[in-house]
Structures are given as C-alpha cells and as structure tokens.
Amino acid sequence: LAQAVQARGGAEPTEEPSTMSGPDEFEHESDDDNWGADDQSEDEEAIEIENTFYEADDNKGSRPQQALEQFTKVVALEAARGKEVVWRFKALQNIVILSARLGHFDEMATRYEQLLSFMDQVTRNEANDAINTVLDSATTADVGQLEKMYGLTLGALKSTQNERLGFNISVKLAKLYLEVDNIAKLQKLIAELHKSCQAEDGTDDVANKGSQLVEVYALEIQCCTKVHNVLRLKDIYPKTINLTSAIADPRNIAVIRESGGKMFMSDRKWTDAYNEFFEAFKNYQETGNVRAKAVFKYVILANILSGSSINPFDSREAKVLQDDAEIAAMSNLRRAYEQNDIDTVDSLLSNKKHRILEDDYIAGFIPELLRSIRVQVLRNIVEPYSSISLEIIATRLNVSVTEVTNLLMCLILDNQIDARIDEIAGFLMVNSDDKAATDAKNPRGVVLASAEHAHCHLRAIFGDF
C-alpha cells in the first residue's frame with residue numbers, strides 16, 4: 001500500500017495515538033488495580049504473623065506473659081486466614097509450654113488438645129517433637145493434670161497409626177505412675193505394654209520388639225524393686241539380661257543393672273551387687289544421667305561389704321567423680337573400714353555435711369557395715385588378753401555393753417573366738433588350751449550364747465526389733 005501511495009506521489013499516512021477511554025478499557029484497568037491491592041493485603045498479613053511469632057519467640061525467655069499473648073495473637077491471625085497451618089502449630093506448642101510455666105494449667109490442657117488436632121497437617125517428626133517437648137515441659141502440673149495430658153495424647157494417636165510414639169508415651173505415663181507410687185495403674189499399664197510386644201502365640205516377639213521389651217522389663221523390674229517382689233524380680237531379671245546383651249540401650253541397661261544390684265544386696269551377695277552397680281554406674285554416666293553419682297556410692301558400699309581388694313576408684317569411669325566432696329567422703333569411709341579405724345567411720349557417718357546417711361538405701365545397710373567393722377575391731381581387741389572388761393571393749397567400740405555382748409555371742413558361736421562371758425563380773429574370759437574342755441561343760445554359757453546367736457542373726461535379717 002505504501003508503495004502504491006508513493007507511486008501516486010502521495011505521503012504514507014501516520015497513525016494517530018488513540019485518546020479513547022471507553023467503559024471496557026476503564027473496567028479492565030480497575031480489575032487489575034483491585035487484584036494488586038488484595039495480594040498486597042495478604043502479604044502484609046503473612047508478614048505480620050511471621051513477625052509476631054518471632055517477637056514472641058524472643059520474649060518467651062524474659063517476658064513469658066507477653067510472649068504468651070503474642071503467640072495467642074499468631075493463632076488468631078492465622079485462623080482468620082483459613083485452614084492453612086504455617087505458624088499456628090508451633091505457636092500452640094509454645095502456648096502450652098508457657099501456660100505450664102506460668103501455672104495456667106487449664107489453659108495448658110485446652111491449648112494442648114487444640115495442638116493435637118493439627119497433627120495431620122504437619123510432618124510426623126514435627127508432631128513427635130512437639131508432643132515429647134510439651135510433655136517433658138509440663139512436669140510442674142499435678143498428677144491429675146499430667147494424666148489428662150497423656151490421655152489426650154494417646155487418644156489422638158489412635159487414629160494416626162503411629163504405634164511407636166504411642167508406645168513411648170505409654171512408657172512415659174508408666175514412669176509417672178512409678179514416681180508417684182501408683183502401683184495398681186503401673187502394673188496394669190505394664191501388662192498392656194507387654195502384651196503389645198508379644199507375638200500371636202503369646203510369646204515375647206524378641207525379633208521385632210526386642211528394644212520395646214527391654215523397656216517393659218525395665219519398668220517391671222523397678223516396680224518389683226519398689227514393692228519388694230523379690231521372687232518375680234529373680235524370675236524376670238535373667239530374661240532381661242539376655243535381652244540387653246543383644247540390645248544395648250544404656251538408659252534402660254542402667255536402670256536394670258541398678259535393680260539387679262539391689263536384688264543381690266538383699267541376698268547379701270556383695271560381690272555380685274558390686275558388679276551390677278558398677279555396670280549401672282557406667283551406663284548412667286554414658287547417658288549423662290545425674291543418677292550416676294548416687295549409684296557410684298552404692299558401688300563403694302557394696303565394695304566395702306564384700307571385703308574386696310579391688311579399688312573402684314582405679315577405674316577410668318570413676319576419675320570424673322574423684323574430686324566430688326560426697327564421693328570423697330565415701331572413699332574415706334572405705335579407707336577407714338579397711339584400716340579398722342572405727343572412730344573415723346563413726347565420725348564420717350555422723351557428719352551431716354558428707355550426706356552419707358541422707359540416702360535411705362545406703363542408710364539401710366549402715367548397721368551391717370558397722371557390725372562388720374566392729375567384729376573385726378573386737379577380734380583385734382580381745383586377741384592379746386586372757387580376760388578383758390566388757391566396759392573397756394564397749395568404750396573402744398563406741399557402743400553399749402549390751403551390743404558388745406551380742407557381738408561376742410555371735411563370734412563365740414561362729415567359732416571365731418574361743419571364750420565365755422561372765423555376765424556377773426562383766427568380763428570376757430578367753431579360753432586357753434588346757435581350760436577348753438572344762439569351759440565346754442558350762443551349759444549356762446552355751447545356752448546363753450545360742451540365744452544371743454539366734455538374736456544376732458535375726459537382727460542381721462530384720463534389723464532392730
């Protein structure tokens with residue numbers, strides 16, 4: 001066309017810019033503007049939610065109440081936007097923890113139930129971490145409130161097919177029952193947990209549920225120890241040891257070995273108890289459990305009673321505790337015992353700063369320890385004499401004349417010393433070889449010794465009565 005125009009000698013027409021502003025064009029421009037405004041508004045809301053969350057996260061350490069209000073705002077703002085869960089789950093987790101910290105336990109339970117309702121909208125790892133963190137942080141609540149929290153959790157987990165987490169939560173609940181001595185509920189829950197670890201024929205499913213079985217047996221062993229069910233403990237302990245040889249979880253092994261040590265202590269098998277306590281100590285220490293220190297005291301106690309020449313402080317694991325004041329006191333007790341230094345033994349036990357007798361378990365074996373060292377010292381005292389006053393012996397041992405008489409009777413009947421007691425004169429008469437036959441004919445001395453001997457053995461079994 002341009003060529004045709006040029007051929008006729010004319011100029012090519014130019015296109016004028018349109019100045020039309022019709023209704024269609026106006027409407028199109030208006031729609032674009034509205035879309036941009038909505039998008040910008042949504043972005044601002046999302047930014048506000050995110051900023052509020054991080055502000056709350058910064059405040060939760062030093063300003064928990066303010067942080068609680070900010071996390072609550074995050075939940076409300078995101079809920080207003082719809083069903084999408086981006087910040088709400090984490091905010092609710094923090095609300096539950098802060099509510100427990102501030103003592104708002106009703107709010108804690110309500111918000112926790114809300115948190116559990118969003119489990120299907122987060123990953124399994126996020127859900128597991130949140131549940132475990134919340135339950136570990138809610139320990140300030142009373143038992144009833146904690147039971148409710150565990151009940152809510154187990155109810156919510158039934159529909160998730162997360163059997164392992166359900167098992168772990170049940171174990172936590174069992175430990176709560178153990179801590180508060182609710183033995184009836186503990187035994188019922190242990191039975192349920194054990195059943196979940198069995199095959200269809202009712203036998204333990206060691207191949208698939210070995211680690212869970214160790215946890216169940218660890219709970220049952222602790223339960224038996226608490227209620228003094230020695231027969232059941234002796235039945236399941238070997239099974240548990242066989243399991244732990246293949247499944248080495250130091251947290252459970254420590255608990256099992258400690259209970260085993262206590263079992264052997266009750267049977268007065270001091271060397272076996274020493275070995276079990278030492279294994280428990282090593283496993284507690286490996287996991288950084290504060291109980292390692294208490295159990296190492298049991299190691300020393302069993303070592304003393306066993307009369308072993310093995311020094312537990314020579315082990316590499318014990319080096320970390322050698323400068324601890326309480327452990328040093330136990331070490332000094334062991335040294336004084338070996339040297340038959342009864343004055344130092346009494347001094348260490350009576351000094352409250354050493355805290356030896358604050359542990360009820362250790363305190364229960366102190367009479368046995370004192371009797372053992374007094375017997376050793378008593379034998380050394382009477383050895384060079386043909387006769388010696390009971391009062392003198394009592395003064396040397398820091399005990400009453402009655403206690404001296406009891407100890408002497410045990411030694412006489414055990415044939416550890418060849419002597420007789422003159423109660424009227426208050427003397428111990430040590431027999432010489434040429435008097436042994438005559439003294440053996442004294443029926444009063446034998447009968448008295450037999451009665452006292454029976455009494456001292458009953459005291460060793462049942463304590464003072």
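Of the 465 residues of the protein, 42% count as buried, and the model described here is a predicted one. The chain forms 21 helices and 3 strands. Among its contacts between residues at least 6 apart in sequence, 56% join residues at least 24 apart.

- In soluble globular proteins, nonpolar side chains tend to be buried together.
- The largest nonpolar core of this model has 131 residues, and Met265, Ile393 and Leu397 are the ones that touch the most other members. The largest share of this core, 12 residues, is supplied by H17.
- Once its neighbours within four places in sequence are left aside, Met265 is in contact with Trp270, Ala273, Phe277, Leu301, Ala302, Leu305, Tyr361 and Phe365.

**Aromatic rings**

- A pair of aromatic rings is described by the distance of the centres and the angle of the planes.
- The structure holds 14 aromatic pairs. In one of them, Phe277 and Tyr298, the ring centres are 5.4 Å apart and the planes stand at 55 degrees, so the pair is tilted, given that stacked planes would be under 30 degrees apart and edge-to-face planes over 60.
- This pair links distant parts of the chain, with Phe277 in helix H13 (residues 270–286) and Tyr298 in helix H14 (residues 291–306), 21 residues apart. Phe277 is buried, with a relative accessible area of 0%, and Tyr298 is buried as well, with a relative accessible area of 2%.
- Phe281 and Phe296 have ring centres 4.7 Å apart and planes at 40 degrees, so this pair is tilted. It also links distant parts of the chain, Phe281 being in helix H13 and Phe296 in helix H14, 15 residues apart.
- Phe281 has a relative accessible area of 0% and is buried, while Phe296, at 0% relative accessibility, counts as buried too.
- Ring pairs join Trp270, Phe277, Tyr298, Tyr361 and Phe365 into a cluster. Over the ring of Tyr361 sits the charged end of Lys262, 5.0 Å from the ring centre.

**Helix H15 and its ends**

- Helix H15 (residues 325–338) has 14 residues, which should span 20 Å at 1.5 Å a residue, and the C-alpha atoms at its ends are 20 Å apart, so the two values agree.
- The N-terminal end of H15 is capped by Asp324, which has a side-chain oxygen 3.0 Å from the backbone nitrogen of Glu326. Just after H15, Asn340 takes a positive phi of about 55 degrees.
- The buried residues of H15 are Glu326, Ile327, Ala329, Met330, Ser331, Leu333, Arg334, Ala336 and Tyr337. What covers these buried residues includes H14, helix H16 (342–350) and helix H17 (360–382).

**Val74 in helix H3**

- Val74 has its place in helix H3 (residues 64–81), and Val74 is buried, with a relative accessible area of 0%.
- Although Val74 and Phe53 are 21 residues apart in sequence, their C-alpha atoms are 6.3 Å apart in space.
- When residues up to four places away in sequence are not counted, Val74 touches Ile49, Thr52, Phe53, Trp87 and Ala91.

Methods
Residues numbered from 1 in each chain as written. Predicted model: local features only at pLDDT ≥ 70, side-chain atom pairs only at ≥ 80, totals over all residues. Heavy atoms only, no water. Phe/Tyr/Trp six-rings, centres within 6.5 Å; stacked < 30°, edge-to-face > 60°. Helix = DSSP H or I, 4+ residues; strand = E, 2+ residues; numbered from the N terminus. Buried < 20%, exposed > 50% of the residue type's maximum accessible area, 1.4 Å probe, protein only. Lys NZ or Arg CZ within 6 Å of the ring centre and 35° of its normal. Expected span 1.5 Å × (residues − 1). Contact = heavy atoms within 4.5 Å. Polar contact = N/O pair within 3.5 Å; in protein donor to acceptor, adjacent residues only side chain to side chain. Core = buried A, V, L, I, M, F, W, Y, C linked by side-chain atoms within 4.5 Å.
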